[in-house]
Amino acid sequence: MTVPPSSDLADSLRRLRDEARARLGAARDLAAVEALRVGLLGRRGELTALLRALGSVEPAERPALGQLANEVRTEIESAVHERLATLQAQDRDTRIATEGLDMSAPGRPVRLGHLHPIMTVERDFREIFHAFGFEVFEGPEVETDAMNFEALNIPPDHPSRDLWDTLFVAEPGSWEAGAPRPAEDGTILRTHTSPAQIRAMLALPPPIRVITPGRCYRYDAVDASHNFEFFQVEGLVVDEETSLADLKGMLQEFARALYGDGTRTRFRPGYYPFTEPSVAFDIGCLVCGGPGCPACSRSGWMTILGAGMVHPHVLRAGGLDPDRYQGYAFGMGLDRITLLRWGIPDLRLLMGADLRFLQQFWAGR
Ligand code: DAH
């Protein structure tokens with residue numbers, strides 16, 4: 001092996017330093033600088049190759065050469081950084097120069113969202129009932145079987161408790177061996193807003209005058225007029241002298257507030273386990289106005305809600321004495337009322353998240 005004279009190695013180091021400066025100065029972009037950095041300082045770089053030769057010079061020469069090599073490395077490193085900084089600054093300058101930023105141009109408008117059509121209808125209901133002195137009382141969507149059914153006088157064999165109607169909630173881990181199955185632990189998604197009646201009676205002292213709007217769930221196949229989630233508004237009035245006449249007057253006024261003074265209404269006998277007597281409340285068909293059409297099954301009437309006098313068992317489940325208090329309750333679905341308001345033919349359109357569709361139904365509130 002030939003030992004390189006130390007003065008040659010020193011020359012090579014100095015030459016590398018000068019060349020490195022020149023080459024970096026000619027690099028036009030960040031990628032070129034990076035390639036040069038790797039070529040000079042990397043594991044297989046030119047400086048590394050020279051440092052390897054250092055091992056074979058005379059030991060007495062090594063310290064001076066080693067120091068020179070370190071200086072060269074530091075200088076190349078700072079030349080790399082300087083060049084990077086210069087190129088970055090140039091980049092910024094050209095971007096500003098070519099972007100043509102017009103500081104006087106008006107800002108782009110921020111797109112605001114709006115209420116979903118169903119929520120628009122719900123707000124209307126809140127407003128109307130607010131004017132009649134009702135407050136809003138919301139119940140949970142995840143309910144107990146006891147609240148959703150039992151407290152409402154719905155016996156265990158009632159069809160609405162059927163597994164096919166009700167969605168059961170599985171707590172995380174409840175499917176593990178030995179844990180109760182969801183159907184057994186009694187946690188469900190509420191199938192109507194009526195359990196909020198019980199919660200209102202337990203929470204508020206009479207007289208009670210509440211509406212309980214909210215989302216409900218049923219195990220239902222989805223089609224143009226059904227969905228597994230839907231919206232209801234429930235009403236409950238409890239006082240010492242509340243009668244069916246109050247219920248009728250209230251609902252008639254509600255229908256007029258919602259659909260105008262000339263709205264025709266009628267009551268029919270109905271059946272619900274939680275009211276006695278129970279009624280169905282109809283309004284004149286919103287589509288044909290009376291003569292009969294497919295939308296009202298040619299009857300001229302549309303049923304919009306169920307109602308009745310709160311059953312004594314239900315008052316008792318709410319912690320109230322039925323000999324002292326009576327009340328009336330009503331419950332209605334919001335989805336169909338929303339479809340009718342805008343003449344929307346299919347519930348699935350409302351439930352999709354297509355903004356192009358939903359934005360058409362905005363009354364500007
Ligand atoms: N909960 C009933 C349903 O989902 C609606 C209903 C009917 C509610 C009569 C009431 C009522 O409060 O009195 O079909």
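Asp145 counts as buried, because its relative accessibility of 19% falls under the 20% limit. The model discussed here is predicted, and in it the side chain of Asp145 meets that of Arg161 in a salt bridge with an N to O distance of 2.6 Å. Asp145 belongs to helix α6 (residues 145–148) whereas Arg161 sits in the loop between α6 and α7 (182–185), so the pair ties together parts that are 16 residues apart in sequence. Arg161 is buried as well, with a relative accessible area of 14%.

**Salt bridges**

- Side chains of opposite charge can pair when their charged atoms come close.
- With a nitrogen-to-oxygen cut-off of 4 Å, the count for this model comes to 21 salt bridges.
- One of them joins Glu75 and Arg21, whose closest N and O atoms are 2.9 Å apart; this pair links distant parts of the chain, since Glu75 lies in helix α4 (residues 62–99) and Arg21 in helix α1 (residues 6–26), 54 residues apart.
- Both partners of that pair fall in the intermediate class of accessibility, because Glu75 has a relative accessibility of 25% and counts as partly exposed, while Arg21, at 46%, also counts as partly exposed.
- Asp282 and Arg266 form a further salt bridge through their side chains, at 2.7 Å from N to O, and here the link runs between strand β7 (residues 275–284), which holds Asp282, and strand β6 (residues 265–272), which holds Arg266, the two residues being 16 apart.

**Surroundings of Thr191**

- Thr191 is placed in the loop between β3 (187–189) and α8 (195–203), and with a relative accessible area of 4% Thr191 is buried.
- The side chain of Thr191 is joined to that of Asn148 by a polar contact of 2.9 Å.
- When residues up to four places away in sequence are not counted, Thr191 touches Asn148, Phe149, Asp165, Thr166, Cys216, Tyr217, Arg218 and Phe230.

**Ligand site**

- The ligand is surrounded by 15 residues, of which the closest are His192, Ser194, Gln197, Gln232 and Glu234.

**Sheet**

- An open sheet of 7 strands runs in the order β1-β4-β5-β9-β8-β7-β6, with mixed pairing; its edge strands are β1 (135–136) and β6, each of which pairs on one side only.
- At the β1 end, β1 pairs with strand β4 (residues 208–217) in the parallel sense over 2 bridges, and the bridge partner of Val136 in β4 is Ile211.

Definitions and conventions. Residues are numbered from 1 along each chain as its sequence is written. This is a predicted model: local features need pLDDT of at least 70, side-chain atom pairs count only at pLDDT 80 or more; totals for chains, interfaces and linings use all residues. Side-chain values use heavy atoms; hydrogens and water are left out. Helices (H or I, at least four residues) and strands (E, at least two) are DSSP runs, numbered from the N terminus. Buried means under 20% relative accessible area, exposed over 50%, partly exposed in between (1.4 Å probe, protein chains only). A polar contact is a pair of N or O atoms within 3.5 Å; within protein, one must be able to donate a hydrogen and the other to accept it, and residues adjacent in sequence count only if both atoms are side-chain atoms. Contact means heavy atoms within 4.5 Å. A residue is near a molecule or strand if one of its heavy atoms lies within 4 Å of it. Two strands pair if DSSP finds at least two bridges between them.
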